[in-house]
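Subject: Structure handover

Hi,

Here is the structure for you to look over. Please open it alongside this email.

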Amino acid sequence: MSERKGILLRLDPAVHDALARCAADELRSTNAQIEFLLRRALADAGRLPGRVGAMRRPGRPPRGGPPG
């Protein structure tokens, strides 16, 4: 797996609260929800590189460790 990049992101508290609620509804962390939305926006704009790996599915990982 490739190294993940970290960034500092400042959000309006109301935007953060809305993201957190949306993430909880979809069983994602707030961070994963932000990445999901960014990927979707890039894909919709035709700017998502083909070499981007797939996101992990929402929810808990299956028992017994990671697949593969």
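Below is what was found in it, going from the whole chain to single residues.

First, the ground rules. This is a predicted model, where local features need pLDDT of at least 70, side-chain atom pairs count only at pLDDT 80 or more, and totals for chains, interfaces and linings use all residues. Residues are numbered from 1 along each chain as its sequence is written, and side-chain values use heavy atoms, with hydrogens and water left out.

**Overall**

The protein has 2 helices and 0 strands. Both kinds of element are DSSP runs, numbered from the N terminus: helices are H or I with at least four residues, strands are E with at least two. Of the 68 residues, 12% count as buried. Buried means under 20% relative accessible area, exposed means over 50%, and partly exposed is in between (1.4 Å probe, protein chains only). The accessible surface is about 6,300 Å². Carbon and sulfur atoms hold 55% of that surface. These areas come from the Shrake-Rupley method with a 1.4 Å probe; for residues, only the protein chains shown count as cover.

**The two helices**

H1 covers 13–25 and H2 covers 30–44. H1 has 13 residues and reaches 18 Å from first C-alpha to last, close to the 18 Å expected at 1.5 Å a residue. The expected span is 1.5 Å times one less than the number of residues.

At the start of H1, a side-chain oxygen of Asp12 comes within 2.8 Å of the backbone nitrogen of Ala14.

How do the axes of H1 and H2 cross? They come within 9 Å and cross at roughly 95°. Axes are lines fitted to C-alpha atoms, for helices over the stretch in contact, and angles run from 0 to 180 degrees between N-to-C directions. H1 and H2 are therefore roughly perpendicular. The classes are: under 35 degrees roughly parallel, over 145 roughly antiparallel, 65 to 115 roughly perpendicular, the rest oblique.

His16, Leu19, Ala20, Cys22 and Ala23 in H1 meet Thr30, Gln33, Ile34 and Leu37 in H2. Contact means heavy atoms within 4.5 Å. The buried residues of H2 are Gln33, Ile34, Glu35 and Arg39. Their cover includes H1.

**The loop between them**

Leu27 sits in this loop. Leu27 has a positive phi of about 55° although it is not a glycine. Most residues other than glycine have a negative phi. Leu27 counts as exposed, at 61% relative accessibility.

Arg28 is in the loop too, but Arg28 is buried, at 17%. The side chains of Arg28 and Gln33 make a polar contact of 3.3 Å. A polar contact is a pair of N or O atoms within 3.5 Å; within protein, one must be able to donate a hydrogen and the other to accept it, and residues adjacent in sequence count only if both atoms are side-chain atoms.

**H2 and beyond**

Arg39 is in H2. It is buried, with a relative accessible area of 18%. Leaving aside neighbours within four places in sequence, Arg39 is in contact with Leu48, Val52, Gly53, Ala54 and Met55.

Just after H2, Gly46 takes a positive phi of about 70°. Arg57 lies in the segment after H2 and is exposed, at 70%. Arg57 and Ala32 are 25 residues apart in sequence and 9.9 Å apart in space, C-alpha to C-alpha.

Best wishes
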